[in-house]
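Hello,

Here is the structure I said I would pass on. Please look it over first; my notes follow below.

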Amino acid sequence: MAFSEVKENGPKVALKRELGLFSAVSLILAVMIGSGIFVSPTSALERSGSVGFCLIIWASCGALSLLGALAFAELGTVVPRSGAEYVFFVEAFAPLHHYLGQLPAFICSWVYVMVLRPAEVAVVILTFAEYSVQPFTIFMADIPKASMVQVKKLIALLALGLITYINISSVKLFVRVQNVFTVCKVAACVMVISGGLWWLASGRTELLKDPFEGTIASPGSIALAFYSGLWAYDGWTSATIVTEEVQRPEVNILRSILIAVPTISILYVSMNLMYMSALTIPEMIGAPAVAVLWAERVLPGWMGFVIPLGVALSTFGCALSIQFGVSRLCYVAGQEGHVPRIFSFVHVTRMTPAAAVAFQGMLSLACIMLGNIVELIEFASFLTWVFYGLAMIALLVMRRTKADVHRPYSVPTLIPWLVLLVAIFLAVLPIVEDPSPKYLFAVAFILLGIGVYHCYVFKKRKSFFMRKLTFLAQVLCMVVPSDQCDD
């Protein structure tokens, strides 16, 4: 049957609302809990200098993240579309100026779709490969180091293929897999907390007797400590990225944020407390994997596999959810003409943006093959907070331009201003502290994006090659324009 016949005779071709409240909460948890809380949650500790002050910073960062997420929840009720800050920019700024109005949204999609999210998926998947083999290293002692590197890369490629298959297959499959992995990673966090409580209950409290000893009070160190903490909480926008697939988004997005972000805050503060009750500050700062070192000291020897397993489960679920979210951003950007429109097409039977998912899989594959891509993430990551700050401006703009739109709830005006100030601080601080050439590369990448925008978005130049590629992708991925794009 031809694709056109499927559209005419079959069910509506569009994304389906498959994410209930539990799944929306699970999505936020999946993206926010990566490997960092298990492997390297020490930057805030190193900058703050003491146990007590570090815990205050972790709790404060959780509160600030909640405020930002609540502002995004209001934006999600004003603009009930997938894409998070991208669609907020489209609705707030595009009507203000014919040329410049669409530029913030395009640059947002350019950075997220082409570089940042695929690179993040690649790094997280490589971390998954590293920790998935760790429980079996005792059986691999005779394998040369170079061969182990290739084994881990092969595992990473297989995992990338699996998450891409899941996200192409169906949203229901994604929901089932994501929910299982999220429950497992939260269970791993609870195990760390339970083990720490047992450690404290046995009277080993000497490392917590003077919690504020060694506190570093310099403004620069405090700023960097907050910077580290807030990066660890990143991911609180996840529910608004997939608004069109959330059931009753006007209710469930806010509820999912109110459940997920405080839960993350409690887990993060508690886990750091448990780490610091068993490990000294120098030990934590010097440990290649804090949770593994902690487990060696606190847990029975036969449970040594639990933490590496927890990291592996956490990273796999995180990569799965990041790819799911960015493919939806790609889908919406395709509807707006900011990326090739083939990415807004939907699979004729699976109702997933299959071409967008496959494209993200290929970009992540390229990142894995490149090898060391941490700097690739670092050069673009500071732009995330630029976009968060612009989202707060978009909220303030739409308070005027869309004043008549029904808002089930709204945040006090002080909140977007506060988040805006935090965003400016987090965007500027890395450049001030480390004015490295990578930020020039970021500027060059944005300028390249502006060139692409001018030629192919604003001028709407057509490419014969792109038409052929669109046809090929449509045949290979079995996708058709969604019903939202018919006009």
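Helices here are DSSP runs of at least four residues, numbered from the N terminus. Please keep in mind that this is a predicted model.

Start with helix α18, which covers residues 414–433 and holds Leu421. Leu421 is exposed because its relative accessible area is 57%, and exposed means over 50%. Leu421 also belongs to a nonpolar patch on the surface, together with Ile424, Val428 and Val432. The accessible area of these four residues together is about 380 Å².

Next is Leu395, in helix α17 (residues 374–401). Is Leu395 buried or exposed? Its relative accessible area is 0%, and buried means under 20%, so Leu395 is buried. Leaving out residues up to four places away in sequence, Leu395 touches Ala71, Glu74, Leu75, Val411 and Pro416. Phe343 is 52 residues from Leu395 in sequence, and the two are 27 Å apart in space, C-alpha to C-alpha.

Regards

Notes
Residues numbered from 1 in each chain as written. Predicted model: local features only at pLDDT ≥ 70, side-chain atom pairs only at ≥ 80, totals over all residues. Heavy atoms only, no water. Patch = residues over 30% accessible without salt bridge, like charges linked within 9 Å, V, L, I, M, F, W, Y side chains within 5 Å. Areas by Shrake-Rupley, 256 points an atom, 1.4 Å probe, with all protein chains shown as cover. Salt bridge = Lys/Arg side-chain N within 4 Å of Asp/Glu carboxyl O. Helix = DSSP H or I, 4+ residues; strand = E, 2+ residues; numbered from the N terminus. Buried < 20%, exposed > 50% of the residue type's maximum accessible area, 1.4 Å probe, protein only. Contact = heavy atoms within 4.5 Å.
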